[in-house]
Amino acid sequence: MARFTWSEKYSVGIASIDAQHKKLVEMLNRMHEAMKVEKGDEALTTILEEAIKYAQEHFSYEEELLLQTKYPEFEEHKKFHAAFSQKASILMEQLKEGKQILTIGTWQFLKSWLEEHVQGEDKKYSAHLKDKGIV
Ligand SMILES: [Fe+2]
Ligand SMILES: [Fe+2]
């Protein structure tokens, strides 16, 4: 399973947002690394929990910017974040209750979600934010 390598194709052209996305990629790679060396479930769950928490902070940051600049697709964008957060909380709950274990499939889901969201939904707001003077 390949690591997540950041490249320009993921850039939304806004420095602060790219930096946050890069941090999320780093966190996913840390999780991948921990899986490779077969760190225990507890350690993995902690890493995942941190990544999810950071993702939610990032969502709030984006939403705040999109709201302030009156992004026309604000509500829709917010729904994508909410749907992910809901899935993530269910997953965390199941992990903590021992009903689920962290697998590479979980990692793959997180990676794909981030890749698709950044290149799809996040890129859609690029021009709008740049128009509003956000760099
Ligand atoms: Fe984002
Ligand atoms: Fe987003």
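A residue counts as buried when its relative accessible area is under 20%, as exposed when it is over 50%, and as partly exposed in between, with a 1.4 Å probe and protein chains only. By that criterion H21 is buried, and so is D122. The model is predicted, so local features need pLDDT of at least 70 and side-chain atom pairs count only at pLDDT 80 or more, while totals for chains, interfaces and linings use all residues. Residues are numbered from 1 along each chain as its sequence is written, chains are lettered from A and ligands numbered from 1 in the order in which they are written, and side-chain values use heavy atoms, with hydrogens and water left out.

H21 and D122 both belong to the site of the iron ion (ligand 1), which is coordinated by H21 (NE2), H58 (NE2), E62 (OE) and D122 (OD) at 2.0 to 2.2 Å; donors here are N, O and S atoms within 2.8 Å of the metal (3.2 Å for Na, K and Ca), and because water is not among the atoms, sites may look incomplete. Along the chain these donors follow the spacing H-x36-H-x3-E-x59-D. H21 lies in helix α1 (residues 15-36) and D122 in helix α4, so the pair ties together parts that are 101 residues apart in sequence, where helices are DSSP runs of H or I with at least four residues, numbered from the N terminus.

The iron ion (ligand 1) and the iron ion (ligand 2) are 3.5 Å apart, and E62 coordinates both. The protein donors of the iron ion (ligand 2) are E62 (OE), H77 (NE2), H81 (NE2), H117 (NE2) and D122 (OD), at 2.1 to 2.2 Å from the ion. H77 is buried, with a relative accessible area of 2%, and H117 counts as buried at 5% relative accessibility.

How do the helices that carry H21 and D122 pack? The axes of α1 and α4, which are lines fitted to C-alpha atoms over the stretch in contact, with angles running from 0 to 180 degrees between N-to-C directions, come within 10 Å and cross at roughly 165°. The two helices are therefore roughly antiparallel to each other, a term for angles over 145 degrees. Their contact (heavy atoms within 4.5 Å) involves residues including H21, L24 and L28 of α1 and W107, L114 and D122 of α4.

Note on methods:
Parallel < 35°, antiparallel > 145°, perpendicular 65-115°, else oblique.
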